[in-house]
Amino acid sequence: MLPFKLVYSEKYFLPIGEHVFRADKYRLIRERLFALGLVDDSDFIAPQPASESDVMLVHSPHYVNKLMEGSLSAREELQMEIPYSPQVVDTFLIHTGGSIFAAELALKDGVCVNLGGGFHHAFPDHGEGFCMMHDFAVAIRSLQKRKLIQRAMTVDCDVHQGNGTAAIFGGAHTMPAALPSAHQASVFGLAGGKMLYGNSKDVFTISLHQENNYPMFKPPSSIDVNLPDGIGDDDYLAWLDNALSSGLRQFEPELICYIAGADPYREDQLGGLALTIEGLKHRDELVFRVARARDIPVMVTYAGGYARRVEDTVTIHCNTVIAAKEVFGS
Ligand SMILES: [Zn+2]
């Protein structure tokens, strides 16, 4: 029924107990898509788990060994903010395999949505903020290694900065004065936010996030848009449009990894922005339209979403699929 595939596995459920991170959201998204009559079984495709050697394209052998042997320190487990178990390791491997698969399918079909993944706080040598393995960084490195692509762009619209992504791919911020286009706040008349530019090599990283939120230390992305608390739909969309245009002026990716976090939502428990459900759907449409206009394949991952009502998180994530259908199906 869809002109692209949805990558999903029942094994996406993370066994982490009672948690603000509702790990049942993946199953609920799938059920809602069926309830809306948007999908049938043929739209879904199940991933294989990533291999240890895939994971080591991004993560250090030392860290991967600790995960496999269960020898993380108490401090490392605390920093991850989810309880360690071998089952949780297996779950991250399947999400990572899902992102590798979604990236491959995006190259083939123009777009693919992984109904999981987006673990952008994982670093090469440690996990943080509910993220044990950096699924889409592994996917990018896997495609590069197989010479399927050379250059990728990450567009991270989770409310939290993509610190792991920046640490893996990013570079030091340049002085704003070095770039004539760096006066965005005044040029575009947008209130509050700041756009910072960094270097990029083969992966260009864009992150739009609430400045006053986790992570405290934000390693530089290629473009960081630090947004003030409480920003609404219009300002957010203007900043996103601005960041995409600026990024695509500087860099020609062969794949966009879109991190469609649901947590910029006004009712999110861990976010402090004020986007509406409609505004978040416009955000998705904007990313898809820009990619389609330039013929750049897009793979989507879901990342965060901690709305007071889990139904809202599910609606926001389902809308990403609907937006993809509207933009790529026409
Ligand atoms: Zn988040």
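Reader: How many cavities of 30 Å³ or more does the structure hold?
Author: This is a predicted model, where local features need pLDDT of at least 70, side-chain atom pairs count only at pLDDT 80 or more, and totals for chains, interfaces and linings use all residues. Residues are numbered from 1 along each chain as its sequence is written, and side-chain values use heavy atoms, leaving out hydrogens and water. A cavity is a set of points, on a 1 Å grid over the protein atoms alone, where a 1.4 Å probe fits but cannot get out. Of 30 Å³ or more, the structure holds one.

Reader: Which strand gives the most to the lining of the largest cavity?
Author: Lining residues have an atom within 4 Å of a cavity point, and here they include Thr-205, Ile-206 and Ser-207. Strands are DSSP E runs of at least two residues, and helices H or I runs of at least four, numbered from the N terminus. With three residues, the one giving the most is β6 (203-210).

Reader: Is Asp-263 buried or exposed?
Author: Asp-263 is in the loop between β8 (255-259) and α10 (277-293), 105 residues from Asp-158. Buried means under 20% relative accessible area, exposed over 50%, and partly exposed in between (1.4 Å probe, protein chains only). Asp-158 has 1% and is buried. Because its relative accessibility is 0%, Asp-263 counts as buried.

Note on methods
1 Å grid on protein atoms, 1.4 Å probe; cavity = no way out; pocket = protein on both sides within 12 Å on 5 of 7 lines; lining within 4 Å. Points joined across faces, edges and corners; volume = space filled by probe spheres on them.
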